[in-house]
Amino acid sequence: LSQIMEQSIKINPISAFLSCKCPNCKQGKMFKYPALHIKFSQMNSHCTNCGYNFEPETGFYWGAMYISYALSVGICVVLSVLLALFTEDLNINWYILTIVLAILISAPINFRYSRALMLWFLSKK
């Protein structure tokens, strides 16, 4: 146990969060497959390193939908502003197409980070 504690101190929590690692030991993977895999949404039930339970209670990740929604709105706003600043007289259809494609492309990463945020900030460590 002391070895795990010593290793977790050395690991940067920001890089552990960004790579979707366990909030407890910051080493075990939260997800079974990479973000750009067909099964991107499959999570490990427990940490592969320390055994931390990734689903503290039934329905824990329902709140992640709201986080995901907020991330999607943020993507839409930033992309809309960038399109307005760097394009002249862009047709509304191109705005819509660009934003829809951006949301679809970012969906796996959005999904993972919304769950990671839930687990990192709302679970007991």
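Modeller: One term before we start. Buried means under 20% relative accessible area, exposed means over 50%, and partly exposed lies in between (1.4 Å probe, protein chains only). This is a predicted model, where local features need pLDDT of at least 70 and side-chain atom pairs count only at pLDDT 80 or more, while totals for chains, interfaces and linings use all residues. Residues are numbered from 1 along each chain as its sequence is written, and side-chain values use heavy atoms, with hydrogens and water left out.

Biologist: Is serine 106 buried or exposed?

Modeller: Serine 106 counts as buried because its relative accessibility is 17%. It sits in helix α4, residues 92–122. Helices here are DSSP runs (H or I, at least four residues), strands are E runs of at least two, and both are numbered from the N terminus.

Biologist: What does the side chain of serine 106 reach?

Modeller: The backbone oxygen of alanine 102, at 2.9 Å. That is a polar contact: a pair of N or O atoms within 3.5 Å. Within protein, one atom must be able to donate a hydrogen and the other to accept it, and residues adjacent in sequence count only if both atoms are side-chain atoms.

Biologist: Zoom out. How many helices and strands?

Modeller: Four helices and zero strands. From the N terminus the order is α-α-α-α.

Biologist: What is the radius of gyration of the chain?

Modeller: The chain has 18 Å, whereas a compact globule of 125 residues would be near 14 Å. The radius is taken over C-alpha atoms, and the globule rule is 2.2 Å times the number of residues to the power 0.38. Along the principal axes, the C-alpha atoms fill a box of roughly 60 × 30 × 25 Å.

Biologist: How much of the chain is buried?

Modeller: 29% of the 125 residues. The chain exposes about 8,500 Å², with carbon and sulfur atoms supplying 65% of that. Those areas come from the Shrake-Rupley method with a 1.4 Å probe; for residues, only the protein chains shown count as cover.

Biologist: On to the core. Which residues touch the most other members?

Modeller: Met30, Phe54, Tyr61 and Leu119, out of 18 residues in the largest nonpolar core. The elements giving two or more residues to this core are α2 and α4. Its largest share, four residues, comes from α4. A nonpolar core is a set of buried Ala, Val, Leu, Ile, Met, Phe, Trp, Tyr and Cys residues joined through side-chain atoms within 4.5 Å.

Biologist: What is tyrosine 61 in contact with?

Modeller: Beyond its neighbours within four places in sequence, tyrosine 61 is in contact with Met43, Phe54, Glu55, Arg115, Met118 and Leu119. Contact means heavy atoms within 4.5 Å.

Biologist: Now α3. Which of its residues are buried?

Modeller: Ala64, Ser68, Ser72, Leu79 and Leu83. What covers them includes α4. Take leucine 79: leaving out residues up to four places away, it touches Thr98, Ile99 and Ala102. As for span, α3 has 23 residues and reaches 33 Å from first C-alpha to last, close to the 33 Å expected at 1.5 Å a residue. The expected span is 1.5 Å times one less than the number of residues.

Biologist: Back to loops. Where is asparagine 44?

Modeller: In the loop between α2 (13–18) and α3 (64–86). Asparagine 44 is buried, since its relative accessible area is 14%. Its side chain reaches the backbone oxygen of lysine 29 at 2.9 Å. Apart from neighbours within four places, asparagine 44 is in contact with Lys29, Met30, Phe31, Lys32 and Phe54.

Biologist: And histidine 46, where is that?

Modeller: Also in the loop between α2 and α3. Histidine 46 is partly exposed because its relative accessible area is 40%. Its side chain makes a polar contact with the side chain of serine 45 at 3.2 Å. Setting aside neighbours within four places, histidine 46 is in contact with Gly51, Tyr52, Asn53 and Phe54.

Biologist: Last topic, backbone angles. What is phi of cysteine 20?

Modeller: Near 55°, a positive value in a residue other than glycine. Cysteine 20 is in the loop between α2 and α3. It is buried, with a relative accessible area of 5%. Lysine 26 has a positive phi too, about 65°, although it is not a glycine. Lysine 26 is found in the loop between α2 and α3, and it counts as buried at 17% relative accessibility.
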